[in-house]
Amino acid sequence: MPGRPEHPLYEKPRQVTPTASVLLADNPGPMTLEGTNTWLLRGPDSERFIVIDPGYEEEGHLRLIAEQGPVAQILLTHRHDDHAQGARRLAELTGAPVRALDPSLVLGDEGLGEGAVVAAAGVELRVLATPGHTSDSLCFLLDDAVLTGDTVLGRGTTVIDHPDGKLGEYLDSLRRLAELPPGVAVLPGHGPELADAGVIAREYLAHREERLDQIRAALRDLGPDATARQIVELVYADVDQILWPAAEWSVEAQLTYLRTPT
């Protein structure tokens, strides 16, 4: 992969793989890291391209996407606004259909689901249902890379959006990504691209198991009826408090997982 810039390269396409370039939206924050990665997929002989996650309804970013050439399809990894909010407006600008797992987001074409194949703009990608972060989370698999939305980030770990997101499903999704062949790159919804999806997914799984052990220990210290907030204050004491509300979502998901009979 081409060398990454030292600083975020906002609103300028950057080629990452032979078929994928990224247009980084200027919306940095605690939950979006450097900002939302809008991915543009195009085969070597195609003028048209596929858009993955146009981001917020931010007119400048959406118009810049549209200026890159004719858009064949707009695909969404999941429903969160920092990925999907601008899809309808981009469809108005380009005439391209919007496809997603959530029917409320679909516009002008069929929805997407497990095993679907999208062949357009000189590329072919396979849809993987990877629930956990949200119930409608999808990944898109190319020959050499997987576009992961928020299922796997370029830095740090993702939040389980409880109660819609479920930890058990997320662990299953990570196990699935861990089985991808070596060398399949991660093209995430936020943060830098990563070299090997299988390696990263296994690291995510190890981290989740470590967190679960910490939650179990916290419950022993605080009592079995401890609240998510009490556990966050103990387990996430070294984390910036601005992230504690998001950590509470993940802890709620972990508590539900641990308290649900198997």
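## Overall form

Of the 262 residues in the protein chain, 52% count as buried. The structure described here is a predicted model. Its secondary structure comes to seven helices and eleven strands. The radius of gyration of the chain is 19 Å, close to the 18 Å that the globule rule gives for 262 residues, so the chain is as compact as a globular protein of that length. Taken along the principal axes, the box filled by the C-alpha atoms is roughly 60 × 35 × 35 Å.

Among contacts in the protein chain with a separation of 6 or more, 56% are accounted for by residues 24 or more positions apart.

## Surface and charge

The protein chain exposes about 11,700 Å², and carbon and sulfur atoms supply 51% of this area.

## Helix 7 and its cover

Helix 7 takes in residues 244–259. At 1.5 Å a residue, its 16 residues should span 22 Å, and the end C-alpha atoms are 22 Å apart, which agrees with that expectation.

Which residues of helix 7 are buried? They are W244, A246, A247, S250, V251, A253, Q254 and L255. What covers these buried residues includes three other helices: helix 4 (167–178), helix 5 (197–222) and helix 6 (228–235).

S173 is placed in helix 4. With a relative accessibility of 4%, S173 counts as buried, because the cut-off for burial is under 20%. Leaving aside neighbours within four places in sequence, S173 is in contact with A129, T130 and P131.

The loop between strand 10 (145–149) and helix 4 holds P163. The peptide bond that leads from H162 to P163 is cis, with omega near 5°. V159 lies in this loop between strand 10 and helix 4 as well, and at 14% relative accessibility V159 counts as buried. Apart from neighbours within four places in sequence, V159 is in contact with M31, H133, R208, A246, W249 and S250. V159 and T134 are 25 residues apart along the chain, and their C-alpha atoms are separated by 9.2 Å.

V146 has its place in strand 10. Its relative accessibility is 0%, so V146 counts as buried. Not counting residues up to four places away in sequence, V146 touches C139, F140, L141, L177, L180, V184, A185, V186, L187 and A197. How far apart are the C-alpha atoms of V146 and V159? They are separated by 19 Å, while the two residues are 13 positions apart along the chain.

L41 lies in strand 3, which covers residues 37–41. The relative accessible area of L41 is 0%, and L41 is therefore buried. With residues up to four places away in sequence left out, L41 touches T19, A20, R48, F49, I50, I52, A121, V123, L125, L142 and L147. L41 and A120 are 79 residues apart in sequence, yet 9.2 Å apart in space from C-alpha to C-alpha.

## Positive phi angles in two loops

A121, one of the residues touched by L41, is located in the loop between strand 7 (117–120) and strand 8 (123–129). Although A121 is not a glycine, it has a positive phi of about 55°. A121 is buried, with a relative accessible area of 10%.

D53 also has a positive phi, near 60°, and is a residue other than glycine. The place of D53 is in the loop between strand 4 (49–52) and helix 1 (59–66). Is D53 buried or exposed? At 1% relative accessibility, D53 counts as buried.

Definitions and conventions. Residues numbered from 1 in each chain as written. Predicted model: local features only at pLDDT ≥ 70, side-chain atom pairs only at ≥ 80, totals over all residues. Heavy atoms only, no water. Helix = DSSP H or I, 4+ residues; strand = E, 2+ residues; numbered from the N terminus. Expected span 1.5 Å × (residues − 1). Buried < 20%, exposed > 50% of the residue type's maximum accessible area, 1.4 Å probe, protein only. Contact = heavy atoms within 4.5 Å. Rg over C-alpha atoms; globule rule 2.2 N^0.38 Å. Areas by Shrake-Rupley, 256 points an atom, 1.4 Å probe, with all protein chains shown as cover.
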